[in-house]
Amino acid sequence: MTAPAPSSPIASRSLFIFSLFYGGMVCIAGVLGVKQVAFGPLAVEAGIFAFLLLVVMSSAIAELHGRATADALVRWGFLPLIVSALLIQLVLALPTDPGMYPPAVDAFPIVVGQSARMMIAGLISYGLSQTLNVLIFDRLRGSGAGRLLWLRGMIASVISQIFDTVLFITISFYGEREILGLMGGQMATKVVLSVILVPPLITAFVALGRRLDARR
């Protein structure tokens with residue numbers, strides 16, 4: 001009798017690969033956010049590009065594997081986010097090598113350092129806005145937009161990005177600077193990017209996920 005072939009240790013290729021990608025984007029979003037990118041008269045933190053990919057990935061996983069799995073992915077995303085923040089603080093506290101490239105000595109803390117208030121703001125806004133994105137995306141499945149994957153992804157992204165901006169800027173800067181103008185520019189840019197980038201990205205990732213899972 002022929003022994004049965006061993007089953008694959010990976011239940012879903014798309015979930016495995018997308019989860020790895022998601023964890024990387026969680027870590028890099030804060031680093032990219034140090035740079036302000038100009039879009040004409042509007043400006044936005046460069047971390048929005050990684051964050052939009054997080055929105056797309058959580059929506060794609062909700063589409064492919066269900067809302068519960070996407071919610072779990074968002075919760076597990078706190079792990080690399082918190083560990084990377086702790087590692088940054090550890091590296092900042094360690095003594096600097098005297099032979100380090102001098103301009104990098106001053107630049108490194110600016111690039112990776114964040115105040116405790118901004119770290120807390122990032123954790124709260126990440127968790128709540130990503131959870132909201134998955135919720136809206138999933139609820140729209142039963143509406144008239146149910147078959148329009150790109151439209152559900154875009155609507156969920158726009159609403160969750162506005163929510164993220166309000167939370168992050170309020171927690172980070174309330175009482176220290178005027179926040180309404182800062183919110184307005186950030187929201188406008190994030191909405192425009194969500195409308196332009198999310199529809200093709202989510203369509204591509206869901207198609208890729210189905211193709212990955214079909215290869216057995």
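Me: How many nonpolar, polar and charged residues are in the lining of the largest pocket?

Reply: This is a predicted model, in which local features need pLDDT of at least 70 and side-chain atom pairs count only at pLDDT 80 or more, while totals for chains, interfaces and linings use all residues. Residues are numbered from 1 along each chain as its sequence is written, and side-chain values use heavy atoms, with hydrogens and water left out. Ala, Val, Leu, Ile, Met, Phe, Trp, Tyr, Cys and Pro count as nonpolar, Asp, Glu, Lys and Arg as charged, and the others, Gly among them, as polar. By these classes the lining has 25 nonpolar, eleven polar and four charged residues.

Me: Which residues are closest to the centre of the largest pocket?

Reply: A pocket is an open set of points on a 1 Å grid where a 1.4 Å probe fits, with protein on both sides within 12 Å along at least five of seven lines, and its lining residues have an atom within 4 Å of a point. The largest pocket holds about 970 Å³, a volume being the space filled by probe spheres set on the points. Of its 40 lining residues, the closest to the centre are Ala29, Gly30, Gln114, Gly122 and Phe168.

Me: Which elements give two or more residues to the lining of the largest pocket?

Reply: Helices (H or I, at least four residues) and strands (E, at least two) are DSSP runs, numbered from the N terminus. The elements are helix 1 (13-32), helix 2, helix 4 (78-93), helix 5 (102-112), helix 6, helix 7 (149-173) and helix 8 (180-214).

Me: Which element gives the largest share of the lining of the second largest pocket?

Reply: About 150 Å³ of space lies in the second largest pocket. Its lining includes Val91, Leu92, Phe108 and Pro109, and the elements that give two or more residues are helix 4 and helix 5. By class, this lining has nine nonpolar, one polar and no charged residues. The largest share, four residues, comes from helix 5.

Me: Are helix 4 and helix 5 roughly parallel or roughly antiparallel to each other?

Reply: Axes are lines fitted to C-alpha atoms, for helices over the stretch in contact, and angles run from 0 to 180 degrees between N-to-C directions. Here the angle is about 160°, with the axes 11 Å apart. Angles under 35 degrees count as roughly parallel, over 145 as roughly antiparallel, 65 to 115 as roughly perpendicular and the rest as oblique. Helix 4 and helix 5 are therefore roughly antiparallel.

Me: Which residues of helix 3 and helix 4 make their contact?

Reply: The axes of helix 3 (residues 67-76) and helix 4 cross at roughly 10° and come within 4 Å. That angle makes helix 3 roughly parallel to helix 4. The contact (heavy atoms within 4.5 Å) is made by Val74, Arg75 and Trp76 of helix 3 and Phe78, Leu79 and Pro80 of helix 4.

Me: How many nonpolar, polar and charged residues are in the contact of helix 2 with helix 6?

Reply: Helix 2 (residues 47-65) packs on helix 6 (residues 116-139) at about 40°, with the axes 9 Å apart. This makes helix 2 oblique to helix 6. Phe51, Leu54, Val55, Ser58, Ser59, Ala62 and Glu63 in helix 2 meet Tyr126, Ser129, Gln130, Asn133, Val134 and Phe137 in helix 6. Sorted by class, the contact has seven nonpolar, five polar and one charged residues.

Me: What pattern does the protein follow along the sequence?

Reply: The protein has eight helices and two strands. Read along the sequence, the pattern is α-β-β-α-α-α-α-α-α-α.
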